[in-house]
Amino acid sequence: MRSPRAFFRPLAVGAPVPNVDIPFKPSRMIHFFDPSNEKMAAKVPDIAKKVDILLGNLEDAVKTDKKEAARQGLVDIAKANDFGDTQLWTRVNSLDSPWVLDDLITLVSEIGDKLDVIMVPKVEGPQDIHYVDRLLAQLEARAGLERQILVHAILETAEGVANVEEIAAASPRMQGISLGPADLAASRRMKTARVGGGHPGYLVRQDPTGDDLTEGRAIYQQDLWHYTIARMVDACAMNGILPFYGPFGDIKDVVACEDQFRNAFLLGCVGAWSLHPVQIDIAKKVFSPSPEDVAHAKRVVEAMGDGSGAVMIDGKMEDDASCKQNIVMLDLAKALAERDPELAAAYDL
Ligand SMILES: CC(C)(COP(=O)(O)OP(=O)(O)OC[C@H]1O[C@@H](n2cnc3c(N)ncnc32)[C@H](O)[C@@H]1OP(=O)(O)O)[C@@H](O)C(=O)NCCC(=O)NCCSC(=O)C[C@](C)(O)C(=O)O
Ligand SMILES: [Mg+2]
């Protein structure tokens, strides 16, 4: 653990000074694409206009013999395009893989000025963040970058979950954390083979009303990911960084995807991953507050004046604490309205 005095000092001579606060830009969806897949890559310039974050994926879902093509593809795409306000991220290969060192060296040297965030998979503890932190500082200094590239960790091992608070606090470079439900399920020996989402076997059953144990008992499916997401949200919030739900692998089930994303939104996540174009609009809908919630938030904040005391609005008590809840909603709406003219009109902001 570095001394508090040294925490915000660059880790290499000439590297950019770390930010004290993580900028909160609209981050409703992290759209994954494989830069070695020509069909997908061709769609990127158009998709970039619709998403908050575009992520060139180099890790899982990219075939072993395509790792180098994916890395080079991302370099070419970043050099050939200006994505404007849309953030450009990458997910590099895991730290124990034969590709990650070249991923980091190539990407920072070639397109470091265009990359906002590097996502690091299978982070197990603060030591993984420290390794990447120092290496990035050296590469940033060598590339003459003026702005620090941030780091995002994926929570996808039991050890990572056990250390999530230390991971979130490991460096001022930490931007956020995503849930990685597939690797995490394998690491924990959970018995779901799905990529995120619920499972029909994970349920609570209503008590029997008579002797018949089988008939007339409602079942309520439970959320397998509730504990992990809630713990990740707390770890992120206490360190001023941003939590994200990860992937939802059942691309066809757009209804359950929306439900899972909404659970994460309500618990405090700022966005989720979109693996397929069909999931972009789902994330946009879910992670943008409804115009009704924004209108209500405005009424409460206005009625509360300096934010103290208690008032009645539509039969409900509002006070200092509920005013803060509504400010959270309103601040998000304002940030999204700046990016999205349709939302600005819907929110009347
Ligand atoms: C699911 C797949 C195979 C279905 O791909 P498809 O081609 O079968 O689907 P489609 O419906 O036929 O596609 C329609 C069109 O959209 C294109 N397309 C399709 N997807 C995209 C995309 N993302 N971005 C841009 N374009 C896309 C596709 O190329 C096609 O173009 P066409 O009309 O010209 O033929 C495909 O969508 C895909 O490969 N998506 C990305 C998968 C990915 O990145 N997985 C890794 C993240 S999840 C993960 O790693 C787990 C985690 C966190 O680590 C852990 O829990 O442990
Ligand atoms: Mg994974």
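Predicted model: local features only at pLDDT ≥ 70, side-chain atom pairs only at ≥ 80, totals over all residues.
Leaving out residues up to four places away in sequence, Glu156 is in contact (heavy atoms within 4.5 Å) with Pro121, Lys122, Gly180, Asp183, Leu184 and Ser187. I then looked up its place: Glu156 lies in the loop between strand 5 (150–155) and helix 5 (158–162). For the record, helices (H or I, at least four residues) and strands (E, at least two) are DSSP runs numbered from the N terminus.

Is Glu156 buried or exposed? Glu156 is at 5% relative accessibility, so it counts as buried; buried means under 20% relative accessible area, exposed over 50%, and partly exposed in between (1.4 Å probe, protein chains only).

Next I checked the annotation. UniProt's unreviewed entry puts "binding site" at Glu156 and Asp183. The pair is spread over 28 residues of sequence, yet clusters in space, with a largest C-alpha distance of 5.2 Å. I note that UniProt positions follow the numbering used here, feature names are shortened, and annotations may be inferred rather than shown by experiment.

On to Asp183, in helix 7 (residues 181–188). Asp183 counts as partly exposed because its relative accessibility is 27%. Beyond four places in sequence, Asp183 touches Asp60, Lys122 and Glu156. Its side chain makes a polar contact with that of Lys122 at 3.4 Å. That term means a pair of N or O atoms within 3.5 Å; within protein, one must be able to donate a hydrogen and the other to accept it, and residues adjacent in sequence count only if both atoms are side-chain atoms.

A note on conventions: local features need pLDDT of at least 70, side-chain atom pairs count only at pLDDT 80 or more, and totals for chains, interfaces and linings use all residues. Residues are numbered from 1 along each chain as its sequence is written, chains are lettered from A and ligands numbered from 1 in the order written, and side-chain values use heavy atoms, without hydrogens and water.
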